[in-house]
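Please open the structure in your viewer and keep the selection panel at hand. The tour moves from one selection to the next.

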Amino acid sequence: MKEQFDLTIIGGGTTGLYAAFYAGMRNMKTKVIEYQPGLGGKVSFFYPEKKIYDVGGFLGVTGEELVHRVEEQAGSIEPEIVTDEKVKSIEKQVDGSFILHSEDGNQHLSKTVIVASGLGTFDMKPLNVPQLEKYNQKFIHYTIQNIKQYEGKKAVVVSDSRVGIDWALALEKIAKEVHIINHSQEFKAVYEQDVERLEASSVRIHRNTKVSGLEGSETELTGVVLENRERLDAEHVLVYEGLKIEKSLYQEWGLETEKGRIPVEMNMGTNIEGIFAAGDAALYPHKTMLIASGFTEAMTAVNAAKSYIDPKSKSQVYSTVIYKHS
Ligand SMILES: Cc1cc2nc3c(=O)[nH]c(=O)nc-3n(C[C@H](O)[C@H](O)[C@H](O)COP(=O)(O)OP(=O)(O)OC[C@H]3O[C@@H](n4cnc5c(N)ncnc54)[C@H](O)[C@@H]3O)c2cc1C
């Protein structure tokens, strides 16, 4: 018989992770289910290297550092974290609890659910070269996380967009040599200043060409070969050639939706009792899609989930009172 959790959170982005921590404060046995192999959601995916200035208490924090801190905070209450798994549907039982079904056939039992899955899942378009499998895990990257690994290294960015330009310029500060490969003549969705900054930098720009092959041994990548047969030294390749976004089909989970998001009550409750939504997934008047809003909504949703399970529980708690030792 599978173990039943008090709360299962769908989505390990900043909202889901903070909800997990807060649920720990409310003594709830908690599980987080995340589709990606790693945590942090959009922040990890889209802007780990950028500084975020609008989260309280931080006068500028990189996306990566913020995710690290939220992960650490969540980890302190030891929730069960399941990665590489996509929730496909939620089934409500006659006793008011839920079975979450994942795409690969797993089932998760839970008394309550918080949907913190943003607008859905995203996958990067892979680099189209024959030797990809050999180097994929270690040397081909689809986000710029753990930027220190590029220190003193030779890196190639494959992209025709502003994200690629941002990555190349961030790498330029620490890497030994940076190239950017654009399969067309122009960069897409960029401001003129972005291209000017790139052209003024030491990043070598290659237009109208593609990476056609990778070179190296079993243990290291040493270079890339371009369509025009030019060979570049490269120890790491970073690829941003677009995303495949798969919107969450919340209606199929029985949830009401508006513009692909979930309308919520003031306690973050959805149309299904026992299921709550928070973060980018949730919608209400004057909603802001920001990290800090997700944190507050996570707290509200956890408190509401707690009182769904135990109507006599306090509507909120103070950490200063709970954590008496510090
Ligand atoms: C380019 C950009 C810049 C931004 N800049 C800022 C900024 O400066 N300040 C700020 O406050 N906000 C900013 N934001 C917004 C901020 O990133 C989002 O509000 C925040 O990341 C939302 O977090 P979330 O956890 O609610 O959702 P997400 O970060 O989207 O996390 C949802 C997670 O759920 C997972 N998931 C989805 N469906 C399933 C499923 N079926 N099963 C399992 N897992 C699933 C996804 O893989 C994902 O990891 C920016 C956003 C973008 C795109």
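**The ligand and its surroundings**

Begin by selecting threonine 14: one of its backbone N or O atoms lies 3.3 Å from an oxygen atom of the ligand, a polar contact in the sense of a pair of N or O atoms within 3.5 Å. This is a predicted model, in which local features need pLDDT of at least 70 and side-chain atom pairs count only at pLDDT 80 or more, while totals for chains, interfaces and linings use all residues. Residues are numbered from 1 along each chain as its sequence is written, and side-chain values use heavy atoms, with hydrogens and water left out.

Next, select tyrosine 47, where a polar side-chain atom lies 2.5 Å from an oxygen atom of the ligand. Then turn to aspartate 280, which has a side-chain N or O atom 2.9 Å from a ligand oxygen. The ligand taken alone exposes 1000 Å², of which the protein buries 84% (accessible areas by the Shrake-Rupley method with a 1.4 Å probe).

Now display the whole shell of 30 residues around the ligand, each having a heavy atom within 4 Å of it. The closest are Thr15, Glu34, Lys42, Tyr47 and Asp280. By type, the shell holds twelve nonpolar, twelve polar and six charged residues.

Which element gives the most to this shell? Select α2, which contributes three residues. At least two residues each come from α1 (14-25), α2 (41-46) and β9 (120-124).

**A salt bridge**

Finally, select lysine 134 and glutamate 218, whose side chains form a salt bridge at 4.0 Å, N to O (a side-chain nitrogen of Lys or Arg within 4 Å of a carboxyl oxygen of Asp or Glu). Lysine 134 belongs to helix α4 (residues 132-139), whereas glutamate 218 sits in the loop between β14 (211-216) and β15 (221-226), 84 residues apart. The whole structure contains 18 salt bridges.

Notes
A polar contact is a pair of N or O atoms within 3.5 Å; within protein, one must be able to donate a hydrogen and the other to accept it, and residues adjacent in sequence count only if both atoms are side-chain atoms. Helices (H or I, at least four residues) and strands (E, at least two) are DSSP runs, numbered from the N terminus. Ala, Val, Leu, Ile, Met, Phe, Trp, Tyr, Cys and Pro count as nonpolar, Asp, Glu, Lys and Arg as charged, and the others, Gly among them, as polar.
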